[in-house]
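Reader: I've got a structure open and I'd like to learn how to read it feature by feature. Can you walk me through it?

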Amino acid sequence: SAPASASASTSACVCAQELEDAATANSSALSSASAGLLETARREAAQNRISADELSVQLEVLREREAAREKEREEERARERDRDREREREREELHEKERERERERERERE
């Protein structure tokens, strides 16, 4: 009975050691996996920062382009107003000449 008890005790010790080794291996594997995930997360975060910076630059470029287009539209509106004023001035000159001719005709009739 003593050898059987010693054998059971040895088996229990071996089993406990195997469990401890397995737990250590699992812990080590989890640490590695955790470190890998952390590194992946860091890389993705860095890439996201780069992407955000790139998007910020692109947004600024788009804003500058839109501002330039708006400035060009405003300049075109100003040119159109100038053309309208010039046409109005020319119409007024024609009307004034016509009125002057009419006055001349009136004087000739008198």
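This is a predicted model: local features need pLDDT of at least 70, side-chain atom pairs count only at pLDDT 80 or more; totals for chains, interfaces and linings use all residues.

Reader: How many helices and strands does the protein chain have?

Author: Helices here are DSSP runs of H or I with at least four residues, strands are runs of E with at least two, and both are numbered from the N terminus. By that count the protein chain has 1 helix and 0 strands. Its radius of gyration is 47 Å, well over the 13 Å that the globule rule gives for 110 residues, so the chain is more spread out than a compact globule. That radius is taken over C-alpha atoms, and the rule is 2.2 Å times the number of residues to the power 0.38.

Reader: What does the C-alpha trace span along its principal axes?

Author: About 160 × 20 × 5 Å. For His95 and Asn48, 47 residues apart along the chain, the C-alpha separation is 69 Å.

Reader: How much of the chain counts as buried?

Author: Of the 110 residues, 0% count as buried. Take two residues of helix H1, Lys71 and His95. Lys71 counts as exposed at 54% relative accessibility, while His95 is partly exposed at 42%. For the whole chain, the accessible surface comes to about 9600 Å², with 56% of it belonging to carbon and sulfur atoms. Those areas come from the Shrake-Rupley method with a 1.4 Å probe, and for residues only the protein chains shown count as cover.

Reader: Now the charges. How many positive and negative side chains are there?

Author: There are 23 positive and 31 negative side chains, and the centres of the two sets lie 6 Å apart. Lys and Arg count as positive, Asp and Glu as negative, and His and the chain ends are not counted. Each charge is placed at NZ of Lys, CZ of Arg, CG of Asp or CD of Glu.

Reader: And how many salt bridges does a search of the whole structure find?

Author: The general idea first: side chains of opposite charge can pair when their charged atoms come close. A salt bridge here is a side-chain nitrogen of Lys or Arg within 4 Å of a carboxyl oxygen of Asp or Glu. The search finds 26 of them. One of them joins our Arg79 to Glu76 at 2.8 Å, N to O. The two lie 3 residues apart in helix H1 (residues 2–109), about one turn of the helix, and Glu76 is partly exposed at 34%.

Reader: Which side chain meets Glu80 in a salt bridge?

Author: Arg83, at 2.6 Å, N to O. Glu80 and Arg83 are also 3 residues apart in helix H1, about one turn. Both are partly exposed, Glu80 at 32% and Arg83 at 34%.

Reader: Where does Arg109 find its partner?

Author: At Glu106, with a salt bridge of 2.6 Å, N to O. Arg109 and Glu106 are 3 residues apart in helix H1, about one helical turn. Arg109 is exposed at 57%, whereas Glu106 counts as partly exposed at 36%. Elsewhere, salt bridges that share partners join Glu66, Arg69, Glu70, Arg73, Glu74, Arg77 and Arg81 into one network.

Terms used. Residues are numbered from 1 along each chain as its sequence is written. Side-chain values use heavy atoms; hydrogens and water are left out. Buried means under 20% relative accessible area, exposed over 50%, partly exposed in between (1.4 Å probe, protein chains only).
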